[in-house]
Every structure is written in structure tokens, then in C-alpha cells.
Amino acid sequence: CEPLCPSAGFTLSPRQRITSWREISRLAAEGETDQKKLEEAFDYQGLDTCAACGLCATACPVGIGTDVLTRELRARKQSGFGAFVGKAAANHFGTTLSVARTGLAGGAMMQKILGPETTDKLGKTLHHYSGQRLPLMTRNQPVPYSFKPQRQRVNGQAKEESAQKVVYIPSCSARSMGPSLVDEEKESLPVIVERLLQKAGFEVLYPGYLSELCCGQPFDSKGLPEQGRHKAEEMAEALRATSEEGRYAIIMDTSPCSYKLKEALGEDLPVYDLAEFIHDTVLDRLEVKDKSPSVALHVTCSSRKMGLEAKLKAIVETVADEVIMPADVSCCGFAGDKGFTTPELNQHALRKLQKALPASCQEGVSNSRTCEIGLSQESGIPYRSIAHLVDRHMVAKEEV
């Protein structure tokens with residue numbers, strides 16, 4: 001399992017996390033004073049730098065996932081105040097995203113004033129000397145974005161009654177994060193996805209109260225399982241209404257959220273990761289206009305767990321002459337927001353990425369907005385959603 005772990009060789013590997021916590025538990029049971037010192041060290045070595053990606057379980061012969069231990073220990077460490085904040089964030093999720101956009105706006109303003117290179121250097125300096133309390137600002141940080149679907153496309157009330165309907169759920173990150181200032185692409189992901197789906201002949205529906213919806217994944221990863229379950233149930237209720245109890249396909253544009261929804265809903269509703277839906281349905285409805293010469297593909301942890309690696313590669317092969325998949329890169333280590341709060345994990349996980357990309361490769365794709373931020377930062381080339389690539393190079397058949 002260790003070659004797949006983004007923190008192995010930096011802090012602890014999966015096996016080391018298990019044996020360390022076993023020793024902490026033994027010392028606690030025996031009343032040893034060394035237990036507290038070891039547990040304090042474990043907070044960073046074991047918990048803060050665990051991406052909780054679960055790739056260790058995919059390689060383990062008996063399926064042991066250290067991410068389960070990490071989330072359980074994070075939940076134990078949540079104070080009453082932490083649970084209160086988590087509950088407030090879950091109950092007022094639209095406000096939570098607004099606060100996040102405000103932070104992104106401040107970073108974007110700083111970058112406009114100072115320039116991307118200075119922002120990079122200043123961000124690393126502030127993060128370091130604040131004792132890692134300040135989130136990292138980088139040249140590839142996204143600008144704030146607020147997605148507001150058209151009213152006539154909410155809950156099935158759309159204009160074109162003849163088109164086949166699909167339900168599209170832009171993730172929290174897609175609804176709040178636009179492209180970075182240094183990216184030549186200036187359109188946000190929901191705009192791209194809606195255009196791509198309409199190009200393929202679909203009528204796009206959105207759930208009502210979209211600004212308050214979340215799959216629950218951010219809360220689970222922070223050790224707030226109760227809030228995670230609450231948001232997943234809330235999302236499920238909205239999706240049942242909008243899809244008319246599963247009559248229409250449900251598409252999520254961010255792989256960790258797709259994985260979470262599939263896990264939470266089981267077989268109840270037809271949930272597709274965006275890349276999965278593009279491969280299975282959209283490609284057959286479009287034709288290739290032109291191709292990119294060389295594209296790097298990053299398969300996210302959740303995509304691996306959903307078995308989407310071959311489908312992602314097939315999509316890129318359709319619209320690119322060459323597909324680059326660096327062999328020594330597994331989890332990117334961005335882990336939701338850890339790329340901002342613990343950027344050294346992302347840097348370690350992707351330390352071999354830039355050298356693995358040939359000079360001819362000038363763009364990369366994936367299917368997780370936050371992963372793409374870290375990949376862009378560490379590779380030196382822009383990484384975007386695979387939807388951007390397909391939309392750029394494919395057109396409706398009658399347009400060819």
C-alpha cells in the first residue's frame with residue numbers, strides 16, 4: 001500500500017500510522033506519561049498529513065483503509081466548539097460558501113496588485129511564519145465564482161420539453177471557484193458542463209435550493225460524520241425530486257463528490273461522475289473537430305476507487321494525439337483543502353510530476369477542481385476538468 005500513499009517518505013505511511021496509534025493506545029491503557037507526547041506528534045505526522053484518500057485499501061491484500069482510522073480519530077478530536085461550527089456551516093451552507101468566496105476574492109485582489117510570482121513567494125512566507133495558520137496563497141488559486149442556474153431550469157421546469165433531461169449537480173468547489181487569474185481559460189466549470197451537455201442534446205435540470213446543497217464529503221473528512229450524513233440526506237431528497245425518483249441521470253462534476261453520492265445513495269438513484277457520463281453517453285453524440293497534441297491525465301483517488309481509469313484515458317485519447325500518465329504519481333495530496341492548509345503534503349505527493357511531463361505537454365486534465373489547483377501549481381502547466389477538453393475539441397454531429 002505504501003507506494004500509493006502521498007505522505008509515505010514525508011511523514012508516516014499507512015502501516016506506520018496503524019502501528020503508531022497502536023502504541024499510543026497501549027501507553028494510554030497502561031497510564032504511561034509518554035503517551036501524550038507521542039499523541040501530540042501524531043496529530044501532525046498521522047492526522048494532519050493524511051490525505052484520507054483511501055488508496056491504501058485498494059492495494060492492501062485484505063482491504064485495510066487507513067483513511068477510516070484517520071476520520072475516526074479526527075471525529076474524536078473534534079471539540080464541542082468544532083462540532084458547533086460544523087453544524088452551523090452545514091445548516092447555513094450557502095453562507096459558508098459566501099465566506100469562502102470572500103477569502104478567494106482577497107487572494108485574487110492581492111494577485112492583481114502584486115502579480116502571480118510575488119503572490120506565490122509572499123503566500124509561502126506568510127504560511128510558514130504564521131505557523132501554518134494562514135492558508136497558502138498561490139499563483140494558481142481560483143478566483144471567486146457564484147453559480148446561479150436559470151430559474152426555468154430548476155426542478156424540471158425547462159424551456160425545451162423535447163430534449164432528453166439530465167440532472168446536473170455542480171459541486172461546492174465548482175459553484176464557488178472559478179479559474180485562476182493565470183489560466184487562459186476564463187469560463188467556470190458549470191458553464192462548460194452545461195454547454196457540453198446541451199451540445200450533446202440534453203436539457204439540463206438543477207435541484208432547487210442548490211446553494212445549500214452539499215454531498216457531505218467535506219464534513220466527513222473533517223471528522224464531522226453527523227453533519228456529513230445530514231448533508232447527504234438533504235442532497236438525496238433534492239435529487240429524488242429533481243430526477244423524478246431516478247427517471248433522469250444525475251451527473252456530478254467532481255469525483256470525490258461522485259464517489260460520496262454513489263456510496264450514500266447506493267442503487268437508489270442513477271448517479272454518474274461527469275467523466276463516466278461523458279464516456280458512456282456524450283462521446284457518441286458528438287464528433288471530433290480537432291485534437292490537442294499532448295495532454296497529461298491525472299486519475300484522482302476517487303476515480304480509481306470507482307474504476308474510471310480506463311474511461312478517463314479513453315476520453316482523452318479521443319481528443320488528444322498523446323496521453324501522458326506519469327507512473328510515479330498517485331494521489332496528488334491536495335485532499336480537499338489541505339493544499340491550502342498543509343501544502344507540503346501536496347508538494348511531496350507531486351514532487352516527481354514536473355519531470356515526468358515532456359516539453360510537448362502543455363496542458364493537463366482531471367475531474368476534481370481542487371486537485372487541479374495543486375496539479376497546476378506543482379507541474380507548471382494548467383490542469384482543468386476533462387469537460388473543458390471535450391467541449392473545446394468536440395461538436396454536435398450536425399455541425400461537422
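## Helix 4

Helix 4 (residues 66-77) has 12 residues and spans 17 Å from its first C-alpha to its last. That is close to the 16 Å expected at 1.5 Å a residue, taken over one less than the number of residues. Helices here are DSSP runs (H or I, at least four residues), as are strands (E, at least two), numbered from the N terminus.

Thr66, Asp67, Thr70, Leu73 and Arg74 are buried in helix 4 (under 20% relative accessible area, 1.4 Å probe, protein chains only). They lie on the same side of helix 4, because they cover an arc of only 125° around the axis, judged by directions from the axis to the C-beta atoms. On the other side, Val68 and Arg76 are exposed (over 50%). The buried residues of helix 4 pack against helix 1 (14-29), helix 2 (34-48), helix 3 (55-59), helix 10 (217-221) and helix 16 (338-341).

## Model basis

This is a predicted model: local features need pLDDT of at least 70, side-chain atom pairs count only at pLDDT 80 or more, and totals for chains, interfaces and linings use all residues. Residues are numbered from 1 along each chain as its sequence is written, and side-chain values use heavy atoms, without hydrogens or water.

## Leu312

Leu312 sits in helix 15 (residues 309-319). Leu312 counts as buried because its relative accessibility is 0%. Beyond neighbours within four places in sequence, Leu312 contacts Ala275, Leu297, Val299, Ser303, Asn367 and Ile386 (heavy atoms within 4.5 Å). Ile386 is 74 residues away along the chain, yet the two C-alpha atoms are separated by 8.2 Å.
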